[in-house]
Amino acid sequence: MNAVKKSEFVMSPFVTLLIAISMSVCGELMLKHGMNNVGTLDLTGWHAIGQLFRTFTNPFVLAGLVVIFGGSIFWLSVLSKAELSWAYPMLSLSYVAGVFLSAVLLNETVTGIRIAGVLVIVFGVFLVYRS
């Protein structure tokens with residue numbers, strides 16, 4: 001009797017990393033949108049309790065935390081397959097996506113100096129990826 005092997009789909013660490021980064025950036029965008037709705041969070045004094053309640057009952061804040069947690073599960077998968085000295089610098093791709101998407105989706109101003117900083121990050125990620 002021939003045993004039938006199930007084909008396994010194994011995600012590469014880089015693909016898994018991109019999923020983790022995507023989820024993290026999406027979660028951060030949700031957190032920012034939620035905090036734009038909540039307003040300033042001042043953690044001093046007794047009024048902080050009410051502000052924290054308003055913050056953690058905001059649907060965008062809650063969704064953002066859930067999505068970031070989901071990204072953390074993919075990050076754990078990356079850590080199980082790749083060296084931290086490679087994987088951790090690759091996470092900085094989230095800065096690139098965060099700057100771009102905050103400009104597009106949140107109408108934030110991205111200055112030339114921020115773009116220059118992002119280009120430095122991209123060059124650094126390229127060097128680490130090639131190593």
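Modeller: A residue is called buried under 20% relative accessible area, exposed over 50%, and partly exposed in between (1.4 Å probe, protein chains only). This is a predicted model, in which local features need pLDDT of at least 70 and side-chain atom pairs count only at pLDDT 80 or more, while totals for chains, interfaces and linings use all residues. Residues are numbered from 1 along each chain as its sequence is written, and side-chain values use heavy atoms, with hydrogens and water left out.

A pair of aromatic rings is described by the distance of the centres and the angle of the planes. Rings of Phe, Tyr and Trp (its six-membered ring) pair if their centres lie within 6.5 Å; planes under 30 degrees apart count as stacked, over 60 as edge-to-face and the rest as tilted. Two aromatic pairs are found in a search of the whole structure.

One of them joins F14 and Y129: the ring centres are 5.2 Å apart and the planes stand at 55 degrees, so this pair is tilted. F14 belongs to helix α1 (residues 13-38) and Y129 to helix α6 (residues 112-130), so that distant parts of the chain, 115 residues apart, are linked. Helices here are DSSP runs (H or I, at least four residues), numbered from the N terminus. F14 is partly exposed, at a relative accessible area of 26%, and Y129 is partly exposed at 43%.

Another pair is formed by W75 and Y88, with centres 6.5 Å apart and planes at 45 degrees; it is therefore tilted. W75 lies in helix α3 and Y88 in helix α4 (residues 84-90), 13 residues apart. W75 is buried, because its relative accessible area is 16%, whereas Y88 is exposed at 56%.

Notes
Helices (H or I, at least four residues) and strands (E, at least two) are DSSP runs, numbered from the N terminus.
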